[in-house]
Amino acid sequence: SKGLCLEPEVTYSICAAGSNLEAKVPAAAEACSNIETRKGKPQTLRQANGYEESYCPSFDEIMGYLTEEYGMEACILQNIGWLDDNMQENNATITEDMASLMPEFSSMISEDEINQCVMDTLADMAEDYEGCSNNFTDDELQTLQEVGMGITTYKCFERNFDNACNDYVYSTYVEPFLQSMYSGK
């Protein structure tokens, strides 16, 4: 929104500087670089398979799609220790890593915004697939809810982290630079 045109890797490097994540994330990305992703493919499962909006995908179709769509992120999160082998959050590591970020940056990450994003996204997902829930066993529904919550929470965190990072870089580096250019005239 402020016209900051830097590659995400550049802004991330600035925001993660000096933290536990500074070395962990690039190493994890390298370790996970062989994972195939859906980049350039249709965004939703229904679009990917040319299905009508009313189509209800099977449990296996959904899980296969999610593995392909989010496999890279899951690999990275496991490699940095935020997810264990069973894809459960490791809150101690997450908390430790977040606490290691610069307070000037980490204070810009909004838990309220993340929670609101999660609630809105889950409500949209429930609306989109409300007619499909009868097609799954109770165990499958439980798994889909847990996986959906995990992915949604991560994606909302990622969006908020990226926005906060861009705001931090802009207010800390870009604005002062621009002001210095114009204050001398």
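Where is the kink in H4 centred, and how many degrees does the kink come to? I looked this up first, and found a kink of about 65 degrees centred on Tyr 70. My bend at a residue is the angle between axes fitted to the seven residues ending there and the seven starting there.

**Ground rules.** I am working with a predicted model, where local features need pLDDT of at least 70 and side-chain atom pairs count only at pLDDT 80 or more, while totals for chains, interfaces and linings use all residues. Residues are numbered from 1 along each chain as its sequence is written, and side-chain values use heavy atoms, with hydrogens and water left out.

**Overall fold.** I counted eight helices and zero strands in the protein chain. Helices (H or I, at least four residues) and strands (E, at least two) are DSSP runs, numbered from the N terminus. Along the sequence I read the pattern α-α-α-α-α-α-α-α. Of the 185 residues, 28% count as buried; for me, buried means under 20% relative accessible area, exposed over 50%, and partly exposed in between (1.4 Å probe, protein chains only). I also checked contacts, meaning heavy atoms within 4.5 Å. Among those with a separation of 6 or more, 73% join residues 24 or more positions apart.

**Back to H4.** I listed its buried residues, among them Phe 59, Ile 62, Tyr 65, Leu 66 and Gly 71. Glu 73 is also in this helix, and I note it as buried because its relative accessibility is 17%. Leaving out residues up to four places away in sequence, Glu 73 touches Tyr 154 and Lys 155. After H4 comes Gly 81, with a positive phi near 90 degrees.

I then went to Met 87, in the loop between H4 and H5. Its phi is near 65 degrees, a positive value in a residue other than glycine. Most residues other than glycine have a negative phi, so I marked this one for a second look. Met 87 counts as partly exposed because its relative accessibility is 40%.

**Helix H8.** How many residues does H8 have, and what distance does H8 reach from its first C-alpha to its last? I found 46 residues and 65 Å, close to the 68 Å expected at 1.5 Å a residue; the expected span is 1.5 Å times one less than the number of residues. H8 bends by about 40 degrees at Tyr 170. I also looked at Thr 152 in H8, which is buried because its relative accessibility is 4%. Neighbours within four places aside, Thr 152 is in contact with Val 118, Thr 121, Leu 122 and Met 125.

**Second largest pocket.** I read about 1000 Å³ of space here. On a 1 Å grid over the protein atoms alone, with a 1.4 Å probe, a pocket is an open set of points with protein on both sides within 12 Å along at least five of seven lines, and lining residues have an atom within 4 Å of a point. Of the 31 lining residues, Leu 83, Glu 89, Gly 150, Ile 151 and Tyr 154 are the closest to the centre. H4, H5, H7 and H8 each give two or more residues to the lining. I noted 18 nonpolar, nine polar and four charged residues there.

**Last check.** Asp 128 lies in H7 and is partly exposed because its relative accessible area is 47%. Asp 128 and Ser 54 are 74 residues apart in sequence, yet 8.8 Å apart in space, C-alpha to C-alpha.

Note on methods: Points joined across faces, edges and corners; volume = space filled by probe spheres on them. Nonpolar A, V, L, I, M, F, W, Y, C, P; charged D, E, K, R; others polar.
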